[in-house]
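Reader: I have a model open and a list of labels that go with it. I would like to know what stands behind each label.

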Amino acid sequence: MMDDIQLIQTIERYLEGKMLPEEKAFFELQRKNVPEIDQMVVEHNMFIHQMEDFAANQKLKHQLQEIHNKFLQEGFIGDGTQELTAKTKLIYLWNKYRRVTAIAAVVGGAMALMISGLIAFFAPANKQAIQQLGQEVERLKQGQRYQGNKINEVVSKMPKDAEVRGGGSGFLIDGKGYIVTNAHILKGASFANVYNDGKEYKTKIVYVDAAKDLAVLKIDDKDFIPVKSLPYSIVKHSVELGEEIFTLGYPRSEIVYNVGYISAKTGYAGDTLSCQIQMSANPGNSGGPLLNKHGEVVGVISTKERQADGVTFAITSKYIYKLIDDVKKADTAYQRIKLPTYSSIKSTDRVNQIKKIEDCVFLIKAYN
Amino acid sequence: MKSEVNEQALLKGLAENDTKAIKIIYKDNFNTILSFIINNNGSYDDARDIFQEAIITLYEKAQSESFALTCKINTYIYSICRRLWLKRLHQVDKFNKPINGFEDTIQVEEDMEIHEKRNMDFAMMERAMNSLGEPCRSLIESFYIKKISMQTLAKQFGYTNADNAKTQKYKCLIRLKKLFFAQYNIGE
């Protein structure tokens, strides 16, 4: 042990260059002659360097960490939050939780299938799945403002404190001012106004049949000029599968044209009152006329299935006849209502059909 | 030309542990690496570790006598980080994911090999130091690393004279060497 220590001491002095010239010459001779000593010198030299490098490495690491913390505090470098822009954050989160998401999706999917299966098996037909196409009150308020601007010279005919309850579309069934619309549009309303081409007309609610979801309004306004003859007829027969149909309505403040086809002769869950149509209808289309290519009214747009986009339902037009029969029975004042049976736009093209029809389609707003 | 001179000065500063130079390199490059790592499935801590590793690699390169950097500092750092991160990803995940990033890169495999070898040596030294025990460790660190004189050390550690301290230091060094080279042999 003591020899080892002395040897290391000697080697260190040699490496540090602290030896006198004679001593150094002697030691170098020894290195040459004794391979073990030579090996020890090399090993010791390497080891000392190893220690120094290690120390330098530790020091640098420490230094870097200090700089990092300082910069982080001073805000010179990102702290990881601003680096995550919306896109990279999404990628980051997606990558991070990809597996969990996949498992969750599988489990969720399985659960959804199971639950929907159970519901389909046990539950009665879910009426709530039907979304009524009544225009949302907020949108109507916006529309009202727009309409208000458009008819700027006309003072609104509504009492100032009236509140919009709902809205939709409606169309004339008698040139004297009788309008058919959906009953749900008028739900909770005490009166309604109708609009066409920037003009506002007061109406009277004549009849509401909640079961059929149909209602009759009568324009009761001195500004209204009765229409001599309506361009379209209202058919009594049932619709044909695949029949091409179109509609005009007020999903917004302006009249909108939409086209589709009859996709089923019955409505939601086999409802015989209505038929199913393939057409993208929006809230506000409710109460609008459904016409075939001859310009004949075959139905009234009514409700929309919540889940499936593009699936819309319409009440078939023969129920308009039944409705008017009921109206006449209920009140003798309305004996003179006469539904149009002749379409004058049978052989005109669609653009001209629309030009004629749009005068007879109204935006309806219900107030309480 | 001016930027080249600046880069050389920065590297010289880095090699000499000049805090100012290190700060400039740090500030100029960290955010690029951070967004690169985060965009490729890494965390903030990953970015910091990888980036600091790259700086250390550059530091080692700058210190070697045969040193010559054939590209800009930021290209070098980015290349190292990219390689390091790719390797890390392969270690944790067997799926080969394509790595996103459009900066220029250069071949850095050789430098990385040297760096890895050094890291292994450092790890061995750290383990040897940790198993050395006190006061040996402090004695060795103070003398060989902090270069404190034997007289001062003798006083600090409470040895009666410098010679005793010296003897003790040598004993410690022999033990440390044994611990270190024992790992070396196992390692090989």
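Reader: Why is Arg13(A) called partly exposed?

Author: This is a predicted model, and every label rests on computed values. Arg13(A) has 32% relative accessibility. Buried requires under 20% and exposed over 50%, so Arg13(A) falls in between and counts as partly exposed.

Reader: What makes Arg13(A) and Glu23(A) a salt bridge?

Author: The closest N and O atoms of Arg13(A) and Glu23(A) are 3.1 Å apart. The cut-off is 4 Å, so the pair qualifies. Arg13(A) sits in helix α1 (residues 2–15) of chain A and Glu23(A) in helix α2 (residues 21–33) of chain A, so the bridge ties together parts 10 residues apart in sequence. Glu23(A), at 27% relative accessibility, is also partly exposed.

Reader: Why is Asp197(A) called exposed?

Author: The relative accessibility of Asp197(A) is 58%. The label needs a value over 50%, so Asp197(A) is exposed. Its salt-bridge partner is Lys199(A), with the closest N and O atoms 3.9 Å apart. That value is within the 4 Å limit, so the pair is counted. Lys199(A) has a relative accessible area of 41% and is therefore partly exposed.

Reader: How do you know that Arg118(B) forms a salt bridge with Glu60(B)?

Author: Between Arg118(B) and Glu60(B), the closest N and O atoms are 3.3 Å apart, which is within 4 Å and therefore meets the rule. Arg118(B) belongs to helix α5 of chain B and Glu60(B) to helix α3 of chain B, so the pair ties together parts 58 residues apart in sequence. Glu60(B) is buried, at 9% relative accessibility, whereas Arg118(B) is partly exposed, with a relative accessible area of 23%. Asp53(A) is linked with Glu60(B) and Arg118(B) in a network of salt bridges.

Reader: How many salt bridges does the rule find across the interface of chain B and chain A?

Author: The rule finds 2 across that interface. Glu12(A) forms a salt bridge with Lys169(B), the closest N and O atoms being 3.5 Å apart. Over all chains the count comes to 21.

Reader: What makes up the contact between chain B and chain A?

Author: Chain B gives 49 residues and chain A gives 45 residues. The area buried between the two chains is about 4,400 Å², and carbon and sulfur atoms give 69% of that. On the side of chain B, Phe122(B), Tyr170(B) and Lys177(B) lose the most area to chain A, together 14% of what that side buries. There are also 9 residue pairs in polar contact between the chains, with both residues at pLDDT 80 or more. The elements of chain B that give two or more residues to this side are α2 (19–39), α3 (44–63), α5 (109–130), α6 (136–145) and α8 (162–187). Helix α8(B) supplies the largest share, 12 residues. By type, the residues on this side of chain B are 24 nonpolar, 10 polar and 15 charged.

Reader: Why is Ser142(B) called buried?

Author: Ser142(B) has 6% relative accessibility. The limit is under 20%, so Ser142(B) counts as buried. Ser142(B) lies in helix α6 of chain B. A polar atom of the side chain of Ser142(B) lies 2.6 Å from the backbone oxygen of Ser138(B). Leaving out residues up to four places away in sequence, Ser142(B) touches Lys147(B), Ile148(B), Leu153(B) and Phe157(B).

Reader: Which residues of α6(A) are buried?

Author: They are Tyr319(A), Ile320(A), Tyr321(A), Leu323(A), Ile324(A) and Val327(A). Helix α6 of chain A covers residues 318–330 and reaches 19 Å from its first C-alpha to its last, close to the expected 18 Å.

Definitions and conventions
Residues numbered from 1 in each chain as written. Chains lettered and ligands numbered in written order. Predicted model: local features only at pLDDT ≥ 70, side-chain atom pairs only at ≥ 80, totals over all residues. Heavy atoms only, no water. Contact = heavy atoms within 4.5 Å. Buried area = accessible area lost by both parts, 1.4 Å probe. Salt bridge = Lys/Arg side-chain N within 4 Å of Asp/Glu carboxyl O. Polar contact = N/O pair within 3.5 Å; in protein donor to acceptor, adjacent residues only side chain to side chain. Helix = DSSP H or I, 4+ residues; strand = E, 2+ residues; numbered from the N terminus. Nonpolar A, V, L, I, M, F, W, Y, C, P; charged D, E, K, R; others polar. Expected span 1.5 Å × (residues − 1). Buried < 20%, exposed > 50% of the residue type's maximum accessible area, 1.4 Å probe, protein only.
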